[in-house]
Amino acid sequence: MTTVTGEPRIGDAFGEMIRDAYAVATGIGPRPLVGGRLPRPVIEIIERDDGLINGAPAAHYLDGPRDWQPYDHRAVDRVRGRTLDIGVGGGRIALHLQERGVPVTGLDTSAGALRVCRQRGVRDLVHGTVDAHAADDRRYDTFLLLGNNLGLIEGRERAPGFLAALAALARPGAQVIAHGTDPYGTSDAVHTGYHELNRRRGRLGGQLRLRLRYRELGTEWFDYLVCSVDELAELVHGSPWRLVDVDDGDHPYYLATLKLAA
């Protein structure tokens, strides 16, 4: 007998979502259907630990450059040398860099997302975390944290280890190009109240506790950091990296460039 708990089954929810988004976009592979006939839109559901639930179409993980935001274009224009695309997702950035002749490796913890990347033509992929990859004999000139993946720094506790792992993978003079969002311009009480709750818990205001849900699957709960530039500077201080440039031309979004300290 199946016990109904209201809780998702833990699994590769992100990979399943990307697989279905790719199937809907291309007609390749089984597609989720409405009423058994029409392709169903694939929606990414993000649940926050205070009960807030947001949903958005997942198709943007597959977008080509024509549909990118301006800061994505500015980010890829700064790429040089061998590049690690961290949180490669559906491969949108890696594919574009390949077409430009850039030697790029896509890294992700989602095996399902990597299968879609491979189907789409991304040639060099790594399944795992930056910490595990740091033990491999691979070195890079550029690290990309796009699609708001500056959030992978997680918070004060995780930042030193994450930045150290990147440094272990870096060639001399390496750079990190990261897309972040300043969370503090909002007046929405749902978010300002959460920022205050976080501060009372000794966390950064925008340190989100999330899980992803897709159909019957869910991820484990994880931290994902949305921080101001000043907070980022605090996190980088004392690490092997220096914050050398902030492009906030699309505020509240920004591109932060870190350089490996000499």
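Modeller: Leucine 166, leaving aside its neighbours within four places in sequence, is in contact with Ile86, Val130, Phe143, Val176 and Trp241, where contact means heavy atoms within 4.5 Å. Bear in mind that this is a predicted model, in which local features need pLDDT of at least 70 and side-chain atom pairs count only at pLDDT 80 or more, while totals for chains, interfaces and linings use all residues. Residues are numbered from 1 along each chain as its sequence is written, and side-chain values use heavy atoms, with hydrogens and water left out.

Leu166 is also one of the residues that touch the most other members of the largest nonpolar core, a set of 32 residues, together with Ile86, Phe143, Ile153, Val176, Leu232 and Trp241. A nonpolar core here is a set of buried Ala, Val, Leu, Ile, Met, Phe, Trp, Tyr and Cys residues joined through side-chain atoms within 4.5 Å; buried means under 20% relative accessible area, exposed over 50%, and partly exposed in between, with a 1.4 Å probe and protein chains only. At least two residues of this core come from each of E6, E9, H6, E10, helix H8 (229-236) and strand E15 (253-260), these elements being DSSP runs numbered from the N terminus, with helices (H or I) of at least four residues and strands (E) of at least two. Helix H6 makes the largest contribution to this core, with five residues. Another core lies apart from it and has 20 residues, among them Val88, Leu95, Cys117 and Leu255. In soluble globular proteins, nonpolar side chains tend to be buried together.

The strand E9 (residues 140-145) deserves attention next, since all six of its six residues are buried and the strand is therefore largely enclosed by the rest of the structure. On one side E9 runs parallel to strand E6 (residues 83-86), to which three bridges join it, with threonine 83 opposite threonine 142; two strands pair if DSSP finds at least two bridges between them. E9 also pairs in the parallel sense with strand E10 (residues 170-181), over five bridges, and there tyrosine 140 stands opposite alanine 170. E9, helix H6 (residues 159-168) and E10 form a right-handed β-α-β unit, right-handed meaning that, with the strands pointing away from the viewer, the path from the first strand over the helix to the second runs clockwise. In the loop between E9 and H6 lies asparagine 148, which has a positive phi of about 65° although it is not a glycine.

Strand E6 leads on to strand E7 (104-108), which is joined to it in parallel by four bridges; within E7, valine 104 is the bridge partner of threonine 83. Five of the five residues of E7 are buried, so this strand is largely enclosed by the rest of the structure, with Val104, Gly106 and Asp108 covered on one side and Thr105 and Leu107 on the other. E6, H3 and E7 make up a right-handed β-α-β unit. Three bridges then join E7 to strand E8 (residues 125-127) in the parallel sense, with aspartate 108 opposite histidine 127, and the β-α-β crossover from E7 through H4 to E8 is right-handed.

Helix H3 (residues 92-99) is mostly covered, with seven of its eight residues buried, and those buried residues pack against helix H2 (70-77), E6, E7, helix H4 (111-120) and E9. Just after H3, glycine 101 takes a positive phi of about 85°.

Over residues 84-173 the model is 36% helix and 23% strand, and the end C-alpha atoms are 15 Å apart.
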